[in-house]
Every structure is written in structure tokens, then in C-alpha cells.
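Welcome, and please open your viewer. Could you keep the selection tool at hand while we walk from stop to stop?

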Amino acid sequence: MGEKQYLLDRTLEAWRGKKVALAVSSEHSFTGTLEDFDEEVIVLKDVSDIAGNRAKALMVKIEDLNWIMLL
């Protein structure tokens with residue numbers, strides 16, 4: 001799994017500061033700007049969900065992510 005984590009780190013580093021979409025626990029989808037991440041969490045800023053609700057920031061545990069994509 002170390003190599004997969006390395007790929008995740010490389011990809012998220014390249015996407016830092018860019019707009020992404022992600023799904024949490026296959027129930028909720030969000031878009032926002034990837035602000036920061038570590039081995040446990042991802043932080044988005046200027047977040048909105050599928051219903052149009054907005055927030056300043058969102059912190060998601062990486063283990064709860066189903067997918068993340070660069071917009």
C-alpha cells in the first residue's frame with residue numbers, strides 16, 4: 001500500500017489549489033478548491049454540495065472518500 005499512498009500524495013500535491021469534486025461515503029458529493037491534505041484528511045475551501053449549499057471549508061477523512069476528480 002505504500003506505493004499507492006505515494007501515488008495519492010503525488011496526485012494531491014499536483015492538484016493543490018485547483019478545483020476538485022469528491023464523494024464521501026457514496027452519499028454526498030462536494031466541489032471545492034483543494035487546500036491541504038495529509039495521510040489522514042483532505043481539506044477543501046470554498047465548498048458547495050450537490051444541493052447548492054455552501055461552506056468556507058470541508059475536512060474529509062481519506063478513508064471515507066469514494067472518489068476524487070480534478071475539475
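Predicted model: local features only at pLDDT ≥ 70, side-chain atom pairs only at ≥ 80, totals over all residues.

Residues are numbered from 1 along each chain as its sequence is written, and side-chain values use heavy atoms, with hydrogens and water left out.

**Stop 1: Thr33.** Select Thr33 in strand β2; strands are DSSP runs of E, at least two residues, numbered from the N terminus. Thr33 is buried, at 17% relative accessible area (buried is under 20%, exposed over 50%, partly exposed in between, with a 1.4 Å probe and protein chains only). Now show its contacts (heavy atoms within 4.5 Å): beyond four places in sequence, Thr33 meets Gly17, Lys18, Lys19, Val43, Leu44, Lys45 and Asp46.

**Stop 2: Ser48.** Move on to strand β3, where Ser48 sits. Ser48 is buried too, because its relative accessibility is 13%. With residues up to four places away set aside, Ser48 touches Ser29, Phe30, Thr31, Asn53 and Arg54.

**Stop 3: Glu40.** Is Glu40 buried or exposed? Glu40 is exposed, with 54% relative accessibility. You will find Glu40 in the loop between β2 (28-37) and β3 (41-49).

**Stop 4: Trp67.** Finish in strand β5 (residues 65-70), the place of Trp67. Trp67 counts as partly exposed because its relative accessible area is 38%.

Note on methods: Helix = DSSP H or I, 4+ residues; strand = E, 2+ residues; numbered from the N terminus.
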